[in-house]
Amino acid sequence: MRRIAVLDAPTNLGLRPPTPTSVPGCAKAPGALRDHDLLARLRARDAGCVTPARYDPGDWRPGDGVCHAREIADYSLALAERIGSIIDRGEFPVVLGGDCSVLLGSALAMHRLGEAVGGRIGLVFVDGHSDFRHPGNASYVGAAAGEDLALVTGRGQADLAALEGRRPYFRDIDVVVLGIRAQDEYRLDLQAAGITTRPVPALRAEGAARTAQWAHEQLADCAGYWVHIDVDVLDPAVMPAVDAPDPGGIAFAELEILLAGLVDTPHCLGVELTVFDPDYDPDGSYAAEIVNTVVAGLAPVTAPEAVPPRLLSARPAPNPRRGNGRTAAATERPNGPRTAPADKSQYVEAASTDFSVDAGPPADAELAGGRLVEQFGGSSGVRSAEPSVGSLGVRSAEPSGGSSVGRLVDQFGGPSGGRSVEPSGGRSVEQVGGPSGVRPVEHPGEQFGGPAADQSGLRSAEPTGDVDVASRLSLGGVAPAKSDPLGILGPVHPGPAGVAAAVEREPVGPPASAGPGLLRRSTPTTPDADHPNADTA
């Protein structure tokens with residue numbers, strides 16, 4: 001089991017003021033999330049708070065560079081120290097922002113760690129916007145929360161992009177961007193930089209679970225990775241409480257599955273959550289939904305079978321990107337052990353044990369071209385794999401009945417009911433465990449409410465007998481949602497929001513955050529570029 005440490009980062013220094021006489025409300029987010037028993041439900045250690053400087057743009061004008069640059073730089077240094085100390089204790093940091101400028105502190109901490117272990121740390125950037133504005137593609141910069149990805153990849157003014165003389169904090173090739181809108185303003189700049197992206201349409205087509213696995217594969221050359229989540233990746237129909245809501249986002253159910261897949265590996269070093277603004281959530285309903293999603297998504301971290309952080313030492317050279325954003329076939333891993341500096345040795349293990357976890361249901365996997373194939377099986381979601389020299393295919397353990405399925409299936413099986421599948425063509429297998437026993441398939445042609453989707457928005461795989469979708473959902477003690485405009489069917493949370501769960505841990509199975517409370521409000525008016533607090537303008 002990995003212990004979670006929750007650290008508050010209530011900074012709003014990276015946003016423009018919503019009005020001339022007010023300040024951004026995202027600084028209140030950590031308190032609002034704690035009010036719904038986030039720490040108790042995660043059984044997390046309270047790592048305290050890094051207090052920011054006062055929000056005061058003063059006489060800043062366009063052309064003056066990033067507003068609050070000095071204050072953000074000082075804050076990033078302090079935040080990096082606190083994140084580093086959490087990781088040094090062997091804990092899993094969960095940073096509660098705050099605006100997206102908190103990424104600078106996280107990035108600095110990751111660069112320090114990568115230097116200590118002799119490797120590179122990657123970034124999975126889950127955000128509704130690319131935040132890639134910089135002097136090379138914009139007439140001026142100003143709000144760091146709309147420029148954070150550009151800054152952490154070395155673009156922009158040195159007092160933010162090169163703290164401690166480190167530049168960049170993340171290399172372009174070590175960044176994976178998920179959840180941006182299809183028409184993001186800077187999508188072509190990302191492509192030109194070689195930064196791998198998967199916008200919302202592609203994320204939905206491939207499915208959240210497979211997208212998490214795909215992100216793992218893109219960062220196979222990194223020693224570990226950090227996860228940034230901006231809640232504006234969610235559609236405004238379900239999450240309008242952000243500074244710059246943008247239609248075309250994902251649902252809570254997808255975010256939960258995506259988060260569970262990203263953290264279900266010892267190579268994930270921590271998560272940050274940003275941009276939620278309680279000023280747009282007067283009754284706390286959206287805060288409750290976020291907490292439900294985070295608790296369920298982080299369940300693999302707190303599972304008894306979860307193992308401590310494991311950093312891989314550096315490989316001789318990065319693999320070149322192909323034209324489609326994927327990495328070329330990796331070089332065969334050496335069989336000998338890798339070593340790292342002694343001061344971080346507790347995080348580094350020999351290569352011969354990188355892929356061995358004695359937990360979860362019986363499963364095995366082989367290296368495809370030297371790359372790890374991870375499986376999410378059973379209730380814990382722990383991967384089990386063994387390297388096989390010279391093997392180019394992937395195979396999974398046969399299910400108990402001796403049958404196999406020759407296509408890729410996302411599985412939502414219970415602790416003992418998850419069936420293994422044998423994909424054709426050597427593709428990886430993704431399994432997400434859960435208690436209901438329902439195994440929906442994420443199909444490339446499926447969209448929310450589309451013609452290929454059933455009422456849940458997901459095609460059910462291999463129904464048992466004549467049991468319909470609603471009946472199978474009810475087998476797990478979960479009633480289908482009655483109102484679901486996005487087409488995601490999920491369980492209703494029993495009991496009032498904010499009451500600590502009495503169970504040992506939240507399951508990862510069918511999403512725990514898509515109940516009737518998901519859409520308590522009507523869809524807000526689509527914001528335009530003149531949104532008073534937009535960090536992307």
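I take the expected span of a helix as 1.5 Å times one less than its number of residues. Helices (H or I, at least four residues) and strands (E, at least two) are DSSP runs, numbered from the N terminus.

The model is predicted: local features need pLDDT of at least 70, side-chain atom pairs count only at pLDDT 80 or more, and totals for chains, interfaces and linings use all residues. Residues are numbered from 1 along each chain as its sequence is written, and side-chain values use heavy atoms, with hydrogens and water left out.

Entry on helix 3. I checked its length: the 20 residues of helix 3 should span 28 Å at 1.5 Å a residue, and its end C-alpha atoms are 28 Å apart, which agrees. I then looked up its buried residues (under 20% relative accessible area, 1.4 Å probe, protein chains only). Among them are Ala-69, Ile-72, Tyr-75, Leu-79 and Ile-83. The buried residues of helix 3 fall within an arc of 160° seen down its axis, so they line one face of the helix. The arc is taken from the directions from the helix axis to the C-beta atoms. Just after helix 3, I found Gly-90 with a positive phi of about 80°.

I noted an open sheet of 8 strands in the order 2-1-3-8-7-4-5-6, with parallel pairing. Strands pair if DSSP finds at least two bridges between them. Strand 2 (45–49) and strand 6 (196–198) are the edge strands, each pairing on one side only. Strand 1 (residues 4–9) runs parallel to strand 2 and is joined to it by 3 bridges. I looked up Val-6: its bridge partner in strand 2 is Asp-46.

How values were computed
Buried means under 20% relative accessible area, exposed over 50%, partly exposed in between (1.4 Å probe, protein chains only).
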